[in-house]
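Subject: Structure handover, charged side chains

Hi,

Here is the structure for you to look over. My notes on its charged residues follow below.

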Amino acid sequence: MDVEEKLVMNVEEAIKTRRTIGRVKKDPVDRAIIEKLLECAAWAPSHHNTQPWKFIVMTGEGRSRLGEGYARVARAGLPELTGQELEDRLLKERGKAFRAPVVITVVCSPSNDPRAVLAEELAAAQAAVQNLLLAAHASGLGAIWRSGEPMYHPLMKETFELALDEEIVGFIYLGHPDMTAPEPKRVPAAEKTQWLE
Ligand SMILES: Cc1cc2nc3c(=O)[nH]c(=O)nc-3n(C[C@H](O)[C@H](O)[C@H](O)COP(=O)(O)O)c2cc1C
């Protein structure tokens with residue numbers, strides 16, 4: 001894709017056709033495209049415009065940082081495992097970070113503005129993730145927002161050298177799609193809506 005080109009997908013179409021794509025090709029993604037996605041992420045709303053997000057983009061061997069995080073968390077949870085069994089398990093954990101050519105750790109870095117509310121800072125960082133996912137989809141890329149217990153573990157935060165008040169809100173695995181997403185299911189919004197008129 002020509003990255004100078006605007007993302008032309010209609011907003012409703014982008015929202016409704018975006019799907020979680022957990023399997024992507026090994027082919028690299030152009031850095032200019034990744035930068036464009038991050039720019040879209042950075043246009044998310046935030047209360048008092050605190051912009052409480054940080055992006056750690058991992059490609060190539062850079063992904064081993066996340067792999068190390070997975071391995072450290074797994075090791076801490078399996079103190080009884082030793083020898084070859086432990087080595088095999090750690091190898092598997094490290095390999096998880098290589099499931100996509102690009103993985104972006106999205107961090108909520110709360111503002112020290114006294115008006116900032118933590119729940120809203122997290123909401124803003126999560127909104128940035130949704131922007132990123134929609135922009136990725138409109139660029140023809142596939143992405144999955146991964147979390148899971150290791151994401152919340154203090155050792156994962158330490159691995160990414162985060163401050164105590166910072167939180168990881170997602171690992172976004174990104175690449176050229178290598179699967180067709182299953183038929184999506186959604187409860188109609190009407191069933192979750194109350195109108196007060
Ligand atoms: C905060 C958050 C965390 C998620 N974590 C995972 C995850 O760890 N593994 C996974 O397979 N999918 C994860 N997902 C993706 C959801 O499973 C997916 O969005 C949902 O099934 C709806 O499918 P769709 O995205 O294709 O519409 C996560 C989504 C969100 C919003």
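Glutamate 80 counts as exposed because its relative accessibility is 55%, and the cut-off for exposed is over 50%. This is a predicted model. Glutamate 80 sits in the loop between helix 3 (64–77) and helix 4 (83–96). Together with Glu85, Glu87 and Asp88, Glu80 forms a negative surface patch.

Now the salt bridges. The whole structure has 9.

- Arginine 31 is exposed at 63%; glutamate 35 is partly exposed at 40%.
- Glutamate 166 and lysine 54: their side chains meet at 3.1 Å, N to O. Glutamate 166 is in the loop between helix 7 (154–159) and strand 4 (167–175), and lysine 54 is in strand 1 (residues 53–59), so the bridge ties together parts 112 residues apart in sequence. Glutamate 166 is buried at 6%, while lysine 54 is partly exposed at 33%.
- Glutamate 93 is buried, with 4% relative accessible area. Arg89 joins Glu93 and Lys96 in a salt-bridge network.

And which buried residue has no salt bridge? Arginine 18, in the loop between helix 1 (11–17) and helix 2 (31–41). The nearest side chain of opposite charge to arginine 18 is glutamate 13, 13 Å away. Residues that arginine 18 touches include Gln130, His137 and Arg186.

Best wishes

Terms used
Residues are numbered from 1 along each chain as its sequence is written. This is a predicted model: local features need pLDDT of at least 70, side-chain atom pairs count only at pLDDT 80 or more; totals for chains, interfaces and linings use all residues. Side-chain values use heavy atoms; hydrogens and water are left out. Patches are made of residues with over 30% relative accessible area and no salt bridge: like charges are joined within 9 Å, nonpolar side chains (Val, Leu, Ile, Met, Phe, Trp, Tyr) within 5 Å. Accessible areas come from the Shrake-Rupley method with a 1.4 Å probe; for residues, only the protein chains shown count as cover. A salt bridge is a side-chain nitrogen of Lys or Arg within 4 Å of a carboxyl oxygen of Asp or Glu. Lys and Arg count as positive and Asp and Glu as negative; His and the chain ends are not counted. The place of a charge is taken as NZ of Lys, CZ of Arg, CG of Asp or CD of Glu. Helices (H or I, at least four residues) and strands (E, at least two) are DSSP runs, numbered from the N terminus. Buried means under 20% relative accessible area, exposed over 50%, partly exposed in between (1.4 Å probe, protein chains only). Contact means heavy atoms within 4.5 Å. Lists of a residue's contacts leave out its neighbours within four places in sequence.
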